[in-house]
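Please keep the sequence and the model in view while reading.

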Amino acid sequence: MILKRTLTGVVLALGVAGLAVAEENTGSSTADHSKFPILQKDFKSGPEVTEACLSCHTEADNQFMHSIHFTWEYEHPETGQVLGKKNVINAFCGSVAGNEPRCTSCHAGYGWEDMSQPPPQAATAKDCLVCHDTSDQYTKLATGAGHPPLEAKGKTITGAKAWAVDLTKAAQSVGMPDRDNCGNCHFFGGGGDNVKHGDLSSVLYEPSLDVDVHMSPEGENMVCSDCHVSDRHQWAGSRYNVLASDPHGTGKPGEERHAASCQSCHGNEPHPANIKGLKLNDHTDTLACQSCHIPEFARGGVPTKSFWDWSTAGRLDEDGKPIKEDNYVSSTGQHLHTYMSTKGDFDYQEDATPYYAWFDGQVEYTTIDRKIDPTKTVDVNVIHGDRADGTSRIWPFKRMEGRQAYDKVNENLVYTHVWGPTTDTAFWTNFDWGKAIDAGMKAANQPYSGEFDFVDTYMYWPITHMVAPAENAVECAECHQENGRLVDVAGVFMPGTDPNGWVGLLGKVIVLMSFFGVMGHAVLRIFSRTSKGDHHG
């Protein structure tokens, strides 16, 4: 059971009319929602609960409908690209368009079944419970376009067997979001536990101290919103526009925060004022905190998917039935699929060393309007950064390797229709890539030449969670050695990394000169003593 934090900053609702009074950040709730008459009814649907919530929280609808959690759309202020789940193509299940309501099962609303249209605009289409339920029994149906299961049928968004959600119990339990509220969607992105991010898995529901010092009940017992602070349902932190460095971070607990950055709590000189600490503080203008303090990702026994080859999907057995192979065994003994007829070949990583690169926080996606070079590995998302710009830091990433479909004539990545048990175009049903791509492109209202092939891809995911205890941070020698962690990062020179470079050779010369100097001095002393002995003989 997840440890529930006390409710803070909650609007106290009075009576059926729902008069609101000012927030009280006293550390405990000022309201017991189980006592509100409007929440004591027998709710028959999620939208009915939302209607009751809005009778008191009158501005929540308008605030939330503009959040990226609801629109799934984000206009990047630097690149101008229109991103968000609604628009991007990824290296996992490809795209949302054409795969509703499977993908929109994790939408923070109800009933979005057509990605060519905006999410349902009715006030009651927002899902209050997905973020605010504290009863630990609210969930969403895996194929329900955001609706909860009201009977024990099907699967939930976490892959578990569905149960009948008690909406009344959930409505009366509402509080501030906890780790499970966020994790039930974010831990299971890409079709399974820790598939996408690498640093977000079910182990973070209640992690041990060695997995995450912030979220562990043995450590700070923090929840996601302690870092991802919010204002009127807008959250700090975005994988599309990351705060790569935060020179204005105060490092003073209790002060007002707006950023989801390490520096906003720890400052830019976080290490103690001793010899080692002062030297480590010299690194903060070059290294992201995460590069040292997250030595490996996919820790705690839950592997992450590191390779996905869609081109091999569709192979069937002698009877024309789908094939499944489970040849990867995790550290906990769990067998994971390495081939599926529906999805192709896979590989995994556990306790994985990150990929490192300069990063200024700006991410540019290879969207449908971008031409690709199919003779090279295509970056699904390009991470920008340069040592000389004054903003970039060396960041850790999960680099996902993939092989996915593209249009041979138009030379762009494509949308694919993979899920759809009642259609004759869904790949997972009919194993026909031609039909699946054509249907996916039509669903996204995009042109398609009718000719496809597969191209190698990389996709990058910033690693920011699973912060290890200080004693487990990356040691100096792991970078300051030949073929160290940062060997492939451009524009980096560190003593000890290249013994055959000019600095290394100079060091060898100095060592040899020192050696011969000492030896010469010793020889001179011997001869000196000998000559003195002869003189007094």
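Glu-325 counts as partly exposed because its relative accessibility is 30%; on this scale, buried means under 20% relative accessible area, exposed over 50%, and partly exposed in between, computed with a 1.4 Å probe on protein chains only. This is a predicted model, in which local features need pLDDT of at least 70 and side-chain atom pairs count only at pLDDT 80 or more, whereas totals for chains, interfaces and linings use all residues. Residues are numbered from 1 along each chain as its sequence is written, and side-chain values use heavy atoms, with hydrogens and water left out.

Glu-325 forms a salt bridge with Arg-315, their closest N and O atoms lying 3.5 Å apart; the term denotes a side-chain nitrogen of Lys or Arg within 4 Å of a carboxyl oxygen of Asp or Glu. Arg-315 lies in the loop between strand E7 (304-309) and strand E8 (324-325), and Glu-325 belongs to strand E8, so the pair ties together parts that are ten residues apart in sequence. Helices (H or I, at least four residues) and strands (E, at least two) are DSSP runs, numbered from the N terminus. Arg-315, at 40% relative accessibility, is likewise classed as partly exposed.

Eleven salt bridges are found in a search of the whole structure. Side chains of opposite charge can pair when their charged atoms come close. Asp-231 and Arg-232 form another salt bridge, at 3.0 Å between the closest N and O atoms. Here Asp-231 is partly exposed at 42% relative accessibility, while Arg-232 is exposed at 56%. Glu-296, Glu-478 and Arg-485 are linked in a network of salt bridges.

Helix H1 (residues 46-54) is largely enclosed by the rest of the structure, because seven of its nine residues are buried. Among them are Val-49, Cys-53 and Leu-54. The buried residues of H1 pack against helix H2 (60-64), helix H4 (129-132) and helix H5 (167-171), contact meaning heavy atoms within 4.5 Å.

Strand E19 (residues 452-462) pairs with strand E15 (residues 378-379) in the parallel sense over two bridges; strands pair if DSSP finds at least two bridges between them. Strand E17 (residues 393-407) runs antiparallel to E19, joined by eleven bridges. Thr-457 in E19 stands opposite Val-378 and is also the bridge partner of Gly-402.
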